Amino acid sequence: MRARASFTKEFCVFLHLIMGKQKKGSASQNVQASKTASRSQPNANTGKPKGSDSDSVSVKQEPLDWKKLNPKTEHYEFGGPFGAFAMITLLPVLVLAFAFGCDSTGYDPLHRLYAFASDIVQGNFSWEMLSSLAASWKPSSLLWFLGFLAQIITYSIAMPGETVQGTKLRDGTRLTYKLNALSAAQTGFMISMLSHKSQGLYAPLWVYHNFPHLAVASLIVAFAVSIGVYVASFIGKPRLLALGGNTGNPIYDFMIGRELNPRIGNFDLKFFTELRPGLLGWLVIDICMAFKQYATLNRVTNSMILVVAFQAIYVLDALYNEVSILTTMDITTDGFGFMLAFGNLCWVPMMYSLQARYLADFPVDLPIISVIAIVGIEVLGLYIFRSANSEKDKFRTNPNDPSVKDLKYIETKAGSRLITSGWWGKARHINYLGDWLMSIAWCLPCGFNSVIPYFYCIYFAILLIHRERRDDDKCRKKYGEDWEKYCSTVKYRIIPGIY
Ligand code: NDP
């Protein structure tokens, strides 16, 4: 009751802040935006200074031809509408299977899901049983989830941050973004720790015991946001749509994302959702699971420390390097729809915290030799991941930096340069290899009694292979024969010498 009341209060404070802040925020951010626009910054893609051309944030005077700007999408990805429908229906089922099918009695989500589905098919489930099952869901979990979202939205809006410009859009403008993910997260953690101090382990244990309910809550919010942005993309003045999200097929466009950059005032829904709810929610759940282990064992095992530390490093690294997401495919190319909303509001926090959940239920004490080996894999992965991503970011934003000025590259007709030496000369997505190695290091601490905690690194390998193909398609279209030339110089996709 107390927690529920406190979140309701936080939600009211949030609404108050938003309503007061939006007016103020937009004015101050406009000032910042115009300051940034007049600052001579290097162009993120070419490395050339931004000048007086259409890099400016000001909107062009001549009327825009929206038909031309938003051409109909002719090419489907993800298996078209059928694949989109499968993603919208099956992925949530998978989240629920892992949420309800993994607990201290065993981690067998697929078996339990199969048993549940067979019961329904064989008519062993009546509507009454299904409705009483639905009624057993705790609505308070939705308040917890909304309270968490309300807090991080408030910090994102209220905290100061550097204002930067995104990549140039098809209408010639650039959007401005406020970078404060790390400071907002730090503030949020401090305030949460202080406000929960008097409650001891109440909050972490609540999260542990109500994890399946929270998973349902995150799913409800993900669907609500996806439906909201899809419907809003048809309302009001015309806006830029994602080049891949304007097929006219509602199921497909809903899934892939129709509008490129939905915003409420200056609050960019995609940019916010991309890093904060998923990554912070994941970290919060991890920490709650560590507290649960402490409550049970009166200590925290070395395996749990490794998992929480590795994943915290990953999250903090992403928040610290927030600016680099502005050039990722998610921000520059994909629309904001079910794929990104569900991915970041539900999938990441609920599925990526699987190893910490497993260790809360089945603690593992690792021998020192295993700890050393696992730390070695993590460090190698992190080193590849961070150096490769930083090399590209630095090359694109400041090509004269001593660390990248000697890199070889192809000057493309599209205006950007493609690196052909250093990390990016070893494989075309060497950064994915580092990311995948880290995912292995996060699963190994769970030992070998169950394959379920390894779901993450198996799924992640599939995601990265598919993502590399999508990016390859995008670059082939963008760079044409320059991309062919690049591929013949850098032959491997992800793993040098192998793939
Ligand atoms: P990348 O950071 O790999 O960027 C790909 C883009 O970089 C291309 O579209 C192209 O864009 C540019 N590019 C490609 N080759 C070169 C080159 N040789 N030189 C210079 N620029 C080049 O893409 P992602 O957005 O997929 O990944 C970002 C990070 O996020 C990765 O480390 C990935 O592992 C991680 N990630 C993690 C996920 C998770 O769930 N944990 C999910 C997805 C990604 P341009 O058009 O500008 O030329």
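Select E481 and K413 to begin: both residues are exposed. Keep in mind that this is a predicted model. The two side chains form a salt bridge, with the closest N and O atoms 2.8 Å apart. Now colour the elements they come from: E481 belongs to helix 19 (residues 481–489), while K413 lies in the loop between strand 7 (409–411) and strand 8 (417–419). That pair links distant parts of the chain, 68 residues apart.

Is R417 buried or exposed? It counts as buried, because its relative accessibility is 18% and the cut-off for buried is under 20%. E411, with a relative accessible area of 42%, is partly exposed.

Next, pick D365 and R299. What do their side chains do? They meet in a salt bridge, 2.9 Å from N to O. D365 sits in the loop between helix 15 (354–361) and helix 16 (368–397), and R299 in the loop between helix 11 (269–297) and helix 12 (302–320), so the pair ties together parts that are 66 residues apart in sequence. Show the surface here and you'll find D365 partly exposed at 48% relative accessibility; R299 is partly exposed as well, at 39%.

How many salt bridges does a search of the whole structure find? The total is 16.

While you're thinking about cysteines, select C288 and C346. C288 counts as buried at 8% relative accessibility, and C346 is buried as well, at 0%.

Select I227, V231, F234 and I235: together they make a nonpolar patch of about 370 Å². To place one of its members, look for I235 in the loop between helix 9 (211–232) and helix 10 (250–256).

Finally, zoom out and switch to a cartoon view. The protein has 19 helices and eight strands. Of its 499 residues, 52% count as buried. The accessible surface comes to about 23,800 Å², and carbon and sulfur atoms account for 66% of that. If you draw the contacts between residues at least 6 apart in sequence, 77% of them join residues at least 24 apart.

Conventions
Residues are numbered from 1 along each chain as its sequence is written. This is a predicted model: local features need pLDDT of at least 70, side-chain atom pairs count only at pLDDT 80 or more; totals for chains, interfaces and linings use all residues. Side-chain values use heavy atoms; hydrogens and water are left out. Buried means under 20% relative accessible area, exposed over 50%, partly exposed in between (1.4 Å probe, protein chains only). Patches are made of residues with over 30% relative accessible area and no salt bridge: like charges are joined within 9 Å, nonpolar side chains (Val, Leu, Ile, Met, Phe, Trp, Tyr) within 5 Å. Accessible areas come from the Shrake-Rupley method with a 1.4 Å probe; for residues, only the protein chains shown count as cover. A salt bridge is a side-chain nitrogen of Lys or Arg within 4 Å of a carboxyl oxygen of Asp or Glu. Helices (H or I, at least four residues) and strands (E, at least two) are DSSP runs, numbered from the N terminus. Contact means heavy atoms within 4.5 Å.
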